[in-house]
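The structure is shown next for reference.

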Amino acid sequence: MEFLKESLPPLSLSEAIGEASRCLYCWNPPCVTACPTGIEIPKFVKRIETGDFRGAAEVILKANFLGGTCGRVCPVEELCEGACVLTKLKKPSVSIGRLQRFAIDHFWAKQKLPSQWHIQIQKKKKVAIVGSGPAGLSCAATLAQLGIEAVIFEKNRLPGGLSTYVIPSFREPIEVSLKEVEEVKKLGVPIHTEKELGKDFSLEELRTAYDAVFLAIGLGKSPQLQIPGEAYFLDSLEFLSRAKLEPWSLPNANNIVIIGLGNTAIDCALVAKKIAREKVSILYRKRLEESRAYPKEIEKVLKEAVPIQFLTMVKEAVVKENKLVGLKCQRLNPHSILDSVEKKEQTGIEVFLPAELVIRASGQQKPLWITTMAIELDNGFIKVNEKYETSLPKVYAGGDCIRKKGMFSTVHAVEDGKKAAFSLAASFS
Amino acid sequence: MIELSIEFAGIRSINPFWLASGPPTNSAAQLNAAFEAGFGGAVWKTIGTAVENVSNRYSSYKKWDRILGLNNLELISDRPLELNLKEIQEIKKRWPDRAVIVSIMEEYDREKWEELVKKVEASGADGIELNFGCPHGMPERGTGSKIGQDPILCREVTSWVKRVTRLPLIVKLTPNVTDITQTAKAAIEGGATALSLINTIQSISGVDLDTFEVLPSIGGKSSYGGYSGEAIKPIALSLTAKVASMEMVQEKQVPISAMGGISTWRDSVEFLLLGASSVQLCSAVMLNGFRIIEDLLSGLKHWMEAKGFSSIADFRGKSLSHIVPFHQLEPTFKQIAQIDPQKCIHCFLCYIVCRDAAHHCIDLTDGKALYPVIPSSGKHEWMFPKVRPEDCVGCSLCQHVCPVDSCIEMITMEAQKLELRPGIQKKSWEAIGKRATGEVLYGCSD
């Protein structure tokens, strides 16, 4: 099994210019409002049209240091492209995501930071950042550009967070994620890998040695379903990570079943389809319309003809001779008007579904463990105010770990990191 | 370190991008916004004689969504003269590092011109631009392009103004002439310190097929307007090069402010490479707003960095030496079209335009195309266009109509291969045009 290649080809030069010329260059446009990082979209699109690719990249990177990743992974249909005024004329929106990727790829091909980014770190204030995912990287990049020293601690071997480890290669090649990490390092930000909060250092140590701390710790693995035989299930992030970085380590399975229908579950299904080719199916305990995955993702998984069993709850894993052979499931009443799954009437109809590999994509665990460090939670997520301050003085937080409301997306994490950096800078002055 | 600031006829400007005299430079509020956005200078909308403007004064030449050109029947400033002068003074005080030039036009009356010039000089403007180019409304009153089209009048009025002012004097030339070098020469002889070109081209943008009205329709009637916008750029480039190549202009180092269809940084660089020292924009701003200046500056800066230029002077006029009189073009330089069958999408436009409007040297060959495009049956997808190299003259029409990137390439023929083409002249036009006695047959003047 080989590494998966990026599935959407890049725009050619003439395609990019042609597409860019469709942009009306609106004033005060909805696409900019829709972008969580506020990239001045028509400005960079027009610069692509006139062949000023460096100028286009400058516009993007000024607002979003991880523009290369975001141009690939953002759910543009829900954000900028969905807001494009052309859609009101029943025309296709400008392909903003592809154009952003085009600009950044071209810019990287020239291998230079924009001239105004020769950073002078003042070495007066220091911030420790825990986590090198988009929130942490974005915070570090913004701090560095403001002249504030930033140091990142990352528990994994490679930096980049989900962009490196989890987002499938057909959308986010690992090279893109690691390239952005390099760009952050070039600003003078050291990244210490294999250093885990709570194991290799404590929060107190950071608060003593640094002027402030930014927690960008993300979320955990999928929560347990509390059913017998669960030990044989593979966590979704674990599956995606192994498929991306060490595909040979995955078991040869003829029948892959994914539990869940969120964005991660769909990614697992699409990746599994590329590995197993056949016999990939999804089990979902709710109805299709109750899925909170992006509509575009649901479209993708349906197009791949992945069978989805709705209103089906897994009760037990069936194991024979220490090998997983299937799942005992229970159908739920489709006419049940009760919202809570637990309260949905069970029809009593039991089914056995064969499965050799079961991937549990039941969401991600909230960072409940952080309460041991005297940080308050809100519905399980780290509680922050509008300045990204947590309940603990000098400690800020951003990214998925604070995401009580809203999308769990890379671009929102980037915006958190950027805003928190400005907040930190303001607190130092 | 890139230096974008320029000095134009003694006027300092933080960058070479100015606003041309027109609707965007009508008031202090607008110039203020323009300078805040980043423009290096502006030419105040022509002040002088009193005028009355009409409604529905613009029409556009459009292809679907794209505006190719604007046609206007707007006259010079219809605001009170004193208000304009007051605002000019305010703006100049507020923006000392930007070029504030005032465009003026008066009737053909020496005293009137002198009076106006004195008032403008008193307002603190950096320079004066003489509007000898308005092609509508004003010529009927004996001014505007009426002056600009006549070298004698041009010289005369310029000298009137030169006598009473020490400010840098820019004469704006109209393209609606037979030979712009004549009017340019006249302006310089009259005392112009600089030239700007081009003003608008006389035009009618369209006719309504249902009402039979001419556009723009002003109460059912229309008149000849002035054409501007992207479509006029090639004409403006040509005239700029003509003026910049004049011996008199080069000897006296007369600076040129070029305009006419400039909308992107690329356009601006083209004019600078053909000898302009500053560029002016109007239609582009009318269609997008002052904010385009950021993109103009960004594009120019990055291009200069990529090319290794640190100032405008490093590349101004660099392309002029590539322009030669026609008889110096080498007929021995031959290219032949070549069509890539793998990229071809079988639209066959190259075939039909070559057949009907060029040299009928593309054949549709029967036989297998490398990749059948349409799965349905039929002969269509099996044909592909092929150039007959022995007949191709290399006009490149096919390359221009081909919708696919790099599908048709023009291949330069090596000299010895030309032996295959019996009809090719190996002498230059100059050689052909001279009899053995040295008498020139084809009267090509430089």
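Two strands are said to pair if DSSP finds at least two bridges between them. The model is a predicted one, and in it strand E1 (residues 126-130) of chain A pairs with strand E4 (residues 212-215) of chain A in the parallel sense, over 4 bridges. Within this pairing, Val130(A) has Leu215(A) of E4(A) as its bridge partner.

E1(A) and E4(A) belong to an open sheet of 5 strands, whose order is E3-E2-E1-E4-E15 (chain A) and whose pairing is parallel. The edges of this sheet are strand E3 (191-192) and strand E15 (395-397) of chain A, each of which pairs on one side only. In a regular strand, the side chains alternate between the two faces of the sheet.

## The E6, E7 and E8 strands of chain A

Another set of parallel pairings involves strand E6 (residues 256-259) of chain A, which is joined by 4 bridges to strand E7 (residues 280-283) of chain A. Here the bridge partner of Ile256(A) in E7(A) is Val280(A). E7(A) also pairs in the parallel sense with strand E8 (residues 308-309) of chain A, over 2 bridges, and in that pairing Ile282(A) has Ile308(A) of E8(A) as its bridge partner.

What hand does the β-α-β unit made by E7(A), helix H14 (residues 295-303) of chain A and E8(A) have? The unit is right-handed.

## Helix H12 of chain A and its packing

Helix H12 (residues 236-245) of chain A has as its buried residues Ser236(A), Leu237(A), Phe239(A), Leu240(A), Ala243(A) and Lys244(A). When H12(A) is viewed down its axis, these buried residues fall within an arc of 160°, and therefore they line one face of the helix. An α-helix has 3.6 residues a turn, so residues three or four places apart point the same way.

The elements against which the buried residues of H12(A) pack include helix H9 (162-165), helix H10 (174-186) and helix H13 (263-276) of chain A. Strands are also among these packing partners, namely strand E5 (234-235) and strand E12 (357-360) of chain A.

## The two chains overall

Chain A contains 15 helices and 15 strands, and 46% of its 429 residues count as buried. Its C-alpha trace spans about 65 × 55 × 45 Å along the principal axes. The radius of gyration of chain A is 23 Å, which agrees with the value near 22 Å that a compact globule of 429 residues would have. Of the contacts in chain A with a separation of 6 or more, 70% are between residues 24 or more positions apart.

In chain B the secondary structure comes to 14 helices and 20 strands, and 43% of the 446 residues count as buried. Residues 24 or more positions apart account for 73% of the contacts in chain B with a separation of 6 or more.

## Contact between chain A and chain B

Where the chains meet, 12 residues of chain A are in contact with 10 residues of chain B. On the side of chain A that touches chain B, the elements giving two or more residues are helix H3 (41-49) and helix H4 (53-63) of chain A, and the largest share, 3 residues, comes from H3(A). The residues of this side of chain A divide into 2 nonpolar, 5 polar and 5 charged.

## Backbone details

Tyr25(A) lies in the loop between helix H1 (13-20) and helix H2 (30-34) of chain A, whereas Leu311(A) is placed in the loop between E8 and strand E9 (312-320) of chain A. Are these residues buried or partly exposed? A residue counts as buried if 20 or more other C-beta atoms lie within 10 Å of its own. Tyr25(A), with 17 such atoms, is partly exposed, while Leu311(A), with 22, is buried.

In chain B, a cis peptide bond with omega about 5° joins Leu197(B) and Ile198(B), and Ile198(B) is found in the loop between strand E10 (194-197) and strand E11 (201-203) of chain B. The peptide bond from Leu215(B) to Pro216(B) is also cis, with omega near -5°, and Pro216(B) lies in the loop between strand E13 (214-215) and strand E14 (225-228) of chain B.

Technical notes:
Residues numbered from 1 in each chain as written. Chains lettered and ligands numbered in written order. Predicted model: local features only at pLDDT ≥ 70, side-chain atom pairs only at ≥ 80, totals over all residues. Right-handed = clockwise from strand over helix to strand, strands pointing away. Buried ≥ 20, exposed ≤ 12 C-beta atoms within 10 Å, placed from the backbone. Arc of directions from axis to C-beta. Contact = placed C-beta atoms within 7 Å. Rg over C-alpha atoms; globule rule 2.2 N^0.38 Å. Nonpolar A, V, L, I, M, F, W, Y, C, P; charged D, E, K, R; others polar.
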